Amino acid sequence: MEYREGRCPKCNEVMQIPTGRDRIICMFCGHEFSVEEEREADHAVCESQMQLLRENAASLFQDVEKTVKGFQRTEYESSFARYCSVQKENLKTLQSILNTASDREAAEREAAEIIVSSAVDIMQAHKGRIGRESLQLTLNMYMVTFMLPAILAIDNGALRTLTDEICKKWAETFKNSKIQAAGYDTLQSGFRRKLCYITTAVCEGLHKPKDCYELNLLKAYRDEYLLASVEGEVLVAQYYDMAPTIVKRLHKRKDQEEIYRFLYETYISPCVQLIEEERNEECREKYQEMVAMLQETYM
């Protein structure tokens, strides 16, 4: 016999309801009810939770800049746990919405619209083009490193389709801001393994050793210079968000060696030279140029 999740209209407890039954007795309170009553109860809960999300959406973006500073190797574990605790009620609201929605896809679109609209309000309140660009990067990082992983942590990824809808709406709303959802474990493992996806792929593609000079120098630059500032953290987070996908796509191309040589000559080698000359900020600009090019070309 197959079951689906439902809710008792009297005690509001979640229970497993056999498919094909017209009437059910609640295992918690003993109340007998019809399937139609249960669906009406779920609809009422979904609507009330959606309204609660609208009312509290702004709190999803509280302390954005302070929060993203916690995306560091030694702090991310505690920062993420603290974030999930602060956002516990909002995360429960999202879960409740999708657990009670009769049309889950429509509910996901509506919830994503509410979340992204709240981010739009933050952007519109920020004056100055340069300030908005910086804020946009910070919001992107906040979504990728905290909000989306927190949503994915619910029921072992049961809300994955919601995060996909949020990313889709985000890209439609904010120019040049394609984000992707990754789980907390994936992001945390990136710190542990000290990954440098593109540079590693380029060096391996050009038959350089795994511990080559270029790779070690750029890893040190990332850890000691880029991750020392919020702007650098944002850039690294954006890079980690898309780099694994790009590397997979490049591996499938017949001209991958030509692409790797282009990346090496155009970006990696110049960055190495700039680091050697202690022109760290110019290297950051070149690094950012590479990230933007890769995003536009291969994402």
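Reader: What makes the contacts in the protein, between residues at least 6 apart in sequence, count as contacts, and what share joins residues at least 24 apart?
Author: A contact is a pair with heavy atoms within 4.5 Å. Among those between residues at least 6 apart in sequence, 66% join residues at least 24 apart. This is a predicted model, where local features need pLDDT of at least 70 and side-chain atom pairs count only at pLDDT 80 or more, while totals for chains, interfaces and linings use all residues. Residues are numbered from 1 along each chain as its sequence is written, and side-chain values use heavy atoms, with hydrogens and water left out.

Reader: What percentage of the residues is called buried, and why?
Author: Buried means under 20% relative accessible area (1.4 Å probe, protein chains only). Of the 299 residues, 47% count as buried.

Reader: Which side chains are called positive or negative, and how many are there?
Author: Lys and Arg count as positive, Asp and Glu as negative; His and the chain ends are not counted. On that count the protein has 39 positive and 49 negative side chains. With each charge placed at NZ of Lys, CZ of Arg, CG of Asp or CD of Glu, the centres of the two sets lie 2 Å apart.

Reader: Which helices give two or more residues to the lining of the largest pocket?
Author: Helices are DSSP runs of H or I with at least four residues, numbered from the N terminus. Those giving two or more lining residues are H6 (129-152), H11 (230-251) and H13 (280-298). H6 gives the most, with seven residues.

Methods: Buried < 20%, exposed > 50% of the residue type's maximum accessible area, 1.4 Å probe, protein only.
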